[in-house]
Amino acid sequence: MLILVSGGASSGKSAFAEALVGARGEPKLYLATMQVWDAESEARVERHRAMRAGKGFETIERPADLAGFALPEGCAVLLEDLPNLFANEYFGAAGAAGAAERVLRGVLRAAERSALLAVVTGNVYAGGMDYAAQTRAWLAELARLERKLAAAAEQVWEVVCGIPVGWKGEAV
Amino acid sequence: MILIIGGAGQGKLEYVLQKTGLGPEQVARDPETARSRPVFAGVEQWPELEENELLAANPEIILICDEVGSGVVPADPEQRLRREQVGRLCCRLAARAERVERIFCGLSMVLKGEGTWN
């Protein structure tokens, strides 16, 4: 089962997604996409790690090529986060061409193998489009990718100041 | 405390004034003034707001805050930090609020609280 969780910066989306996965009885995996390269990203990782502490998550770092990863079957999985994974894929060695398809394939395959896959994504589409051309192109592809995932997902949530708003599924 | 959020220019303040019958002169724009006014607008300008202190002084206040976290993550670390501070502040405020509404095109969606307001 696939659940998509979106929201703005520091909206409480991770905590909500983590609670969804944390409530499951299956072994819990945390698929971390962020590449740590400075003190800020280190602090971010540390904050999220503290949030998950003692909740039985096993962390797997997978910044790119999710499609090529043999995810253990039957787990409850938290993937954090989609914009990051897509940026690593799009701007990484494998290149922008076909990046969205690779990520889509990877996420759908991971969802098939999991009891639950919660994907955290970011609502990054409402700050104007005053970005470099490359960023705009990335953003447009991310949005298309996200819509495809939302169409495939059983539930879609937007978290607003820590409050989950249901867009699709059970909650609506 | 009531928390009203939404994008810039969506009609949050107008909505609050209409709901409460208050006038613009009763709206605080900084935390100091907010201690003794019924409404504090522009909370997003104060990402380091000490909400404990403000709410102890004015527990019934209506707080109005722009949502600022829905663009691409800014390259500038200071901007990045600011919008995260505002986001976390809103999470804390929403958890304590008796009512949270989100204003979109002048329309309200109740995120927390029972029934209609006023």
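## Two helices of chain A

A crossing of two helices is right-handed if the near helix is turned clockwise from the far one by less than a right angle, and left-handed if anticlockwise. In this predicted model, the crossing of H3(A) and H5(A) is right-handed. Helix H3 of chain A covers residues 82–90, and helix H5 of chain A covers residues 133–152. Their axes lie 11 Å apart. The packing angle is about 125 degrees. H3(A) and H5(A) are therefore oblique to each other.

Which residues make this contact? From H3(A) come A:Leu82, A:Pro83, A:Phe86, A:Ala87 and A:Tyr90. H5(A) supplies A:Gln134, A:Ala137, A:Trp138, A:Glu141, A:Leu142, A:Leu145, A:Glu146 and A:Leu149. By type, the residues of the contact of H3(A) with H5(A) are 10 nonpolar, one polar and two charged.

## Where chain A meets chain B

Next comes the contact between the chains. Chain A gives 23 residues to it, and chain B gives 21 residues. The buried area between chain A and chain B is about 1,600 Å². Carbon and sulfur atoms give 59% of that area.

Two packed helices are described by the angle between their axes and the distance between the axes. The crossing of H2(A) and H4(B) is left-handed.

What does each helix bring to this meeting? H2(A) brings A:Glu40, A:Arg44 and A:Arg47. H4(B) brings B:Pro77, B:Arg80, B:Glu84 and B:Arg88. The residues of the contact of H2(A) with H4(B) divide into six charged, one nonpolar and no polar.

## Salt bridges

Side chains of opposite charge can pair when their charged atoms come close. How many salt bridges are there between chain A and chain B? The count between chain A and chain B is four. Over all chains, the count comes to 16 salt bridges.

B:Glu84 takes part in a salt bridge with A:Arg44, at 2.8 Å from N to O. B:Glu84 sits in helix H4 of chain B and A:Arg44 in helix H2 of chain A, so the pair joins two chains. B:Glu84 also forms a salt bridge with A:Arg47. There the closest N and O atoms are 3.9 Å apart.

## Backbone details in chain A

Most residues other than glycine have a negative phi, and most peptide bonds are trans. Two places in chain A deserve a look here. A:Glu80 and A:Asp81 are joined by a cis peptide bond, with omega about -10 degrees. Where does A:Asp81 lie? A:Asp81 is in the loop between strand E4 (76–80) and H3 of chain A.

A:Asp65 lies in the loop between strand E3 (57–61) and E4 of chain A.

## A loop residue in chain B

B:Arg29 is in the loop between strand E2 (27–28) and helix H2 (31–34) of chain B. Which residues does B:Arg29 touch, not counting those up to four places away in sequence? They are B:Leu13, B:Phe40, B:Ala41 and B:Trp46.

B:Val110 is 81 residues from B:Arg29 along the chain. The C-alpha atoms of B:Arg29 and B:Val110 are separated by 24 Å.

Terms used: Residues numbered from 1 in each chain as written. Chains lettered and ligands numbered in written order. Predicted model: local features only at pLDDT ≥ 70, side-chain atom pairs only at ≥ 80, totals over all residues. Heavy atoms only, no water. Axes fitted to C-alpha atoms, helices over the stretch in contact; angles between N-to-C directions. Helix = DSSP H or I, 4+ residues; strand = E, 2+ residues; numbered from the N terminus. Parallel < 35°, antiparallel > 145°, perpendicular 65-115°, else oblique. Contact = heavy atoms within 4.5 Å. Nonpolar A, V, L, I, M, F, W, Y, C, P; charged D, E, K, R; others polar. Buried area = accessible area lost by both parts, 1.4 Å probe. Salt bridge = Lys/Arg side-chain N within 4 Å of Asp/Glu carboxyl O.
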